[in-house]
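This report describes the helices of one model and a few single residues. The sequence and structure come next.

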Amino acid sequence: MITTRINTSPEHLKHLLREINLTTDQLATEAGVHRTSAYAWTSGRAQVPVSVIRMLELMKDRQND
């Protein structure tokens, strides 16, 4: 069985946001959550969902196409 660990650290989240030029408020809108949730993710006060990291990675890939 192959397993892949997805980096859900706040640092990786902020890196992805910078790469796709997205603000934390815009992240909240794209993810469909309240802005306090997005700020909690970027500050490390709450775990970043894997689905959010994958969404941002897909957005990054689309920008690079």
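## Helix α4 and its cover

The buried residues of α4 are covered by elements that include α1, α2 and α3; contact here means heavy atoms within 4.5 Å. Helices (H or I, at least four residues) and strands (E, at least two) are DSSP runs, numbered from the N terminus. The model is predicted: local features need pLDDT of at least 70 and side-chain atom pairs count only at pLDDT 80 or more, while totals for chains, interfaces and linings use all residues. Residues are numbered from 1 along each chain as its sequence is written, and side-chain values use heavy atoms, with hydrogens and water left out.

Val52, Ile53, Met55 and Leu56 are the buried residues of α4, where buried means under 20% relative accessible area, exposed over 50% and partly exposed in between (1.4 Å probe, protein chains only). These residues lie on the same side of α4, because they cover an arc of only 160° around the axis; the arc is that of the directions from the helix axis to the C-beta atoms. Ser51, Arg62 and Asn64 are exposed residues on the face of α4 turned away from its buried side. The 15 residues of α4 should span 21 Å at 1.5 Å a residue, which agrees with the 21 Å between its end C-alpha atoms; the expected span is 1.5 Å times one less than the number of residues.

## Crossing of α2 and α4

Two packed helices are described by the angle between their axes and the distance between the axes. For α2 and α4, the axes come within 11 Å and cross at roughly 105°. Axes are lines fitted to C-alpha atoms, for helices over the stretch in contact, and angles run from 0 to 180 degrees between N-to-C directions. The two helices are therefore roughly perpendicular to each other; this term covers 65 to 115 degrees, with angles under 35 counted as roughly parallel, over 145 as roughly antiparallel and the rest as oblique.

Leu27, Glu30 and Ala31 of α2 make the contact with Val52, Met55, Leu56 and Met59 of α4. Thr24 also lies in α2, which comprises residues 24-31. Thr24 counts as buried because its relative accessibility is 16%. Leaving aside neighbours within four places in sequence, Thr24 is in contact with Leu17, Ala38, Tyr39 and Thr42.

In α1 (residues 10-19), the buried residues are Pro10, His12, Leu13, Leu16 and Leu17. They cover an arc of only 160° around the axis, so they are on the same side of α1. Their cover includes α2, α3 and α4 (50-64). The face turned away from the buried side of α1 carries the exposed residues Glu11 and Arg18.

Asn21 is in the loop between α1 and α2. Most residues other than glycine have a negative phi. Asn21 is not a glycine, yet its phi is positive, about 55°. With a relative accessible area of 68%, Asn21 is exposed.

Ser43 belongs to helix α3 (residues 35-43) and is partly exposed, with a relative accessible area of 42%. Its side chain makes a polar contact with the side chain of Arg45 (2.9 Å). A polar contact is a pair of N or O atoms within 3.5 Å; within protein, one must be able to donate a hydrogen and the other to accept it, and residues adjacent in sequence count only if both atoms are side-chain atoms. Ser43 and Ser9 are 34 residues apart in sequence, and their C-alpha atoms are 9.8 Å apart.

Asp65 is in the segment after α4 and counts as exposed at 82% relative accessibility.
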